[in-house]
Amino acid sequence: MAQENITFTLPDLGEGLVEATVLEWQVAVGDVIERNAPLVEVETTKSAVVIPSPQAGRVAELHAEEDQVVPVGEPLVTFTVETSDDAPQAGIVGRVPTEEARPARRVRLKPPTD
Amino acid sequence: MTELIERTATTTDVPVVELSMQQAINRALRELLAEDPDVLVFGEDVGALGGVFRVTDGLQKEFGDKRVFDTPLAESAIMGMAVGLAMNGWRPVPELQFDGFAYPAIDQIVNQVARMNYRTRGAAPMPITLRLPSFGGIQAPEHHGESLEALFAHTPGLKVAVPSDPEEAYGLLLQAVRSDDPVVYMEPKSRYWDRRPVRLREPSSPIGASRVVRPGRHATLIAWGAMVQRCVRVAELAAEDGVELEVVDLRWLKPIDTAGLAESVSRTKRAVVVHEAPLTAGLGAEVSALVTENCFGDLAAPVQRVTGFDVPYPAGPLEPQYLPTIDRVLLAVQRTLEY
């Protein structure tokens with residue numbers, strides 16, 4: 001298993017907003033978090049929102065202090081994730097299907113007599 | 001079909017490499033871009049990103065952003081652009097990112113791509129291959145698991161190809177892109193990660209030919225895309241009960257290999273069609289009709305259909321119940337055996 005750093009930038013939180021202010025980090029460096037866990041609360045000119053984590057992994061670096069203004073597209077957080085070289089990666093949508101070595105069955109067949 | 005005969009390969013020295021279906025399609029695209037300077041690959045995120053499923057990975061880097069390029073998120077415009085490019089001598093290979101997002105482009109596909117050759121009395125052929133990641137099986141959200149094959153097969157002027165494994169994906173894409181007719185090439189997303197040895201050979205059978213994946217004598221299972229592998233599984237289980245099922249991979253849903261189907265079913269005397277799409281007016285009805293018309297005297301039982309249900313494609317967790325299960329296919333086989 002190799003390790004890889006993935007950096008997540010501040011997304012446009014809607015309708016062409018250009019920046020957001022970090023209100024409160026809900027994770028700390030070293031935390032191991034799940035995908036979609038609350039990551040950070042930020043405030044835009046429209047509202048305060050909690051951004052869920054786009055990624056499971058260990059938090060390696062927070063790129064902004066609380067009360068700091070972050071432009072859209074600038075780094076927000078870096079994760080360290082375990083990667084396997086031969087593990088198939090799903091696309092942006094969906095998950096890699098798994099195949100049962102021996103599929104379950106309930107129906108038995110009777111060969112035809114002809 | 002003459003273009004294929006010219007391209008029949010020698011059987012010696014065919015390289016064999018292990019590839020996933022994603023990589024096999026990528027390999028075919030790379031070879032097509034290299035062999036024909038008129039081939040263009042474009043769509044949403046196919047360029048810099050390399051496609052959401054990595055299918056076009058590295059192609060822009062290798063062939064430049066004039067031949068492999070990103071488009072706006074506008075499916076109708078993607079297909080409209082393909083029409084204009086084809087009219088000006090290019091050989092476009094557009095991608096629409098997911099099956100469900102082909103609907104906004106149906107006007108271009110049905111009213112322009114499929115008809116231009118006919119409308120212009122052959123002056124403006126449409127050598128377009130629409131790559132369409134299709135079907136379900138990856139627990140994706142709505143619009144990412146649709147089966148549109150009956151819609152395309154019903155449209156005069158379109159050909160429809162569906163690969164079921166990496167080697168088929170490689171060969172069918174070469175055939176599709178080299179064809180001067182428009183082809184909808186439906187990639188079964190749930191098989192993208194399927195890795196197998198691939199013989200990198202020229203297509204050896206003409207457009208429209210089916211193939212026997214597994215021979216058998218008691219009944220024929222007819223499928224395409226991801227359901228082919230499911231039918232192979234069913235055949236393995238049936239063999240434990242002493243029932244030998246033949247599995248036919250249709251490969252081309254337009255034109256359909258009527259002769260190939262008739263050859264198989266006239267031997268086995270029973271047929272079961274399996275597809276992911278809903279039952280009503282699905283392509284299984286067409287296959288069933290063709291088999292019945294051509295094998296009526298040989299059939300020992302009515303042709304059975306095992307399909308998705310007549311409901312909108314369900315959200316991820318319900319997918320295993322919606323898609324034809326192994327037991328549902330086995331039950332249909334038993335119905336034909338007991339008839």
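**Notes on a two-chain predicted model**

1. Let's start with chain A: of its 114 residues, 16% are buried. Keep in mind as you read that this is a predicted model. Take the contacts in chain A between residues at least 6 apart in sequence, and 56% of them join residues at least 24 apart.

2. Of the contacts in chain B with a separation of 6 or more, 79% are between residues 24 or more positions apart.

3. What about the overall form of chain B? For 339 residues, a compact globule would have a radius of gyration near 20 Å, and chain B agrees with that because its own value is 20 Å. Along the principal axes, the C-alpha atoms of chain B fill a box of roughly 60 × 45 × 40 Å.

4. Now the place where the two chains meet. Here 18 residues of chain A are in contact with 26 residues of chain B. On the chain B side, the elements giving two or more residues are α9 (226-240) and α13 (326-338). Which of them has the largest share of that side? It is α13(B), with seven residues. Sorted by class, the chain B side that touches chain A has 15 nonpolar residues, seven polar ones and four charged ones.

5. Chain B is also divided within itself, into domain 1 (4-199) and domain 2 (211-337). The C-alpha centres of these two domains of chain B lie 26 Å apart. Their contact takes 24 residues from domain 1 and 21 residues from domain 2 of chain B. On the domain 1 side, α7, β6 (159-161), α8 (166-178) and β7 (183-188) of chain B each supply at least two residues. That side of domain 1 of chain B divides into eleven nonpolar, seven polar and six charged residues.

6. Helix α4 of chain B (residues 75-87) is worth a look. At 1.5 Å a residue, its 13 residues should span 18 Å, and the end C-alpha atoms are 19 Å apart, which agrees. Which residues of α4(B) are buried? They are Glu75(B), Ile78(B), Met79(B), Ala82(B), Val83(B) and Ala86(B). These residues sit on the same side of α4(B) because they cover an arc of only 140° around the axis. The general rule behind such a pattern is that an α-helix has 3.6 residues a turn, so residues three or four places apart point the same way.

7. What does that buried set touch? The buried residues of α4(B) pack against β2 (39-43), β4 (91-95), α5 (106-113) and α6 (116-119) of chain B. After the helix comes Gly89(B), with a positive phi near 95°.

8. Helix α2 of chain B (residues 21-35) gets the same ruler. Its 15 residues should span 21 Å at 1.5 Å a residue, and the end C-alpha atoms are 21 Å apart, which agrees. Among the buried residues of α2(B) are Met21(B), Gln22(B), Gln23(B), Asn26(B), Leu29(B) and Leu33(B).

9. Next, a few backbone details to check by eye. Most residues other than glycine have a negative phi, and most peptide bonds are trans. Phe135(B) has a positive phi, near 70°, and is not a glycine. Phe135(B) is found in the loop between β5 (129-134) and α7 (149-153) of chain B. Is Phe135(B) buried or exposed? Phe135(B) counts as buried because it has 30 C-beta neighbours inside 10 Å.

10. Arg251(B) is another non-glycine residue with a positive phi, near 65°. Its place is the loop between β11 (245-249) and β12 of chain B. Arg251(B) counts as buried because 27 C-beta neighbours lie inside 10 Å.

11. Finally, where is the cis peptide bond of this stretch? It joins Lys254(B) and Pro255(B), with omega about -5°. Pro255(B) is placed in the loop between β12 (252-254) and α10 (258-268) of chain B.

Conventions
Residues are numbered from 1 along each chain as its sequence is written. Chains are lettered from A and ligands numbered from 1 in the order in which they are written. This is a predicted model: local features need pLDDT of at least 70, side-chain atom pairs count only at pLDDT 80 or more; totals for chains, interfaces and linings use all residues. Two residues are in contact if their C-beta atoms, placed from the backbone, lie within 7 Å. Helices (H or I, at least four residues) and strands (E, at least two) are DSSP runs, numbered from the N terminus. Ala, Val, Leu, Ile, Met, Phe, Trp, Tyr, Cys and Pro count as nonpolar, Asp, Glu, Lys and Arg as charged, and the others, Gly among them, as polar. A residue is buried if 20 or more other C-beta atoms lie within 10 Å of its own, exposed if 12 or fewer, and partly exposed in between; C-beta atoms are placed from the backbone. Domain bounds come from an automatic or database domain assignment. The expected span of a helix is 1.5 Å times one less than its number of residues. The arc is that of the directions from the helix axis to the C-beta atoms. The radius of gyration is taken over C-alpha atoms; the globule rule is 2.2 Å times the number of residues to the power 0.38.
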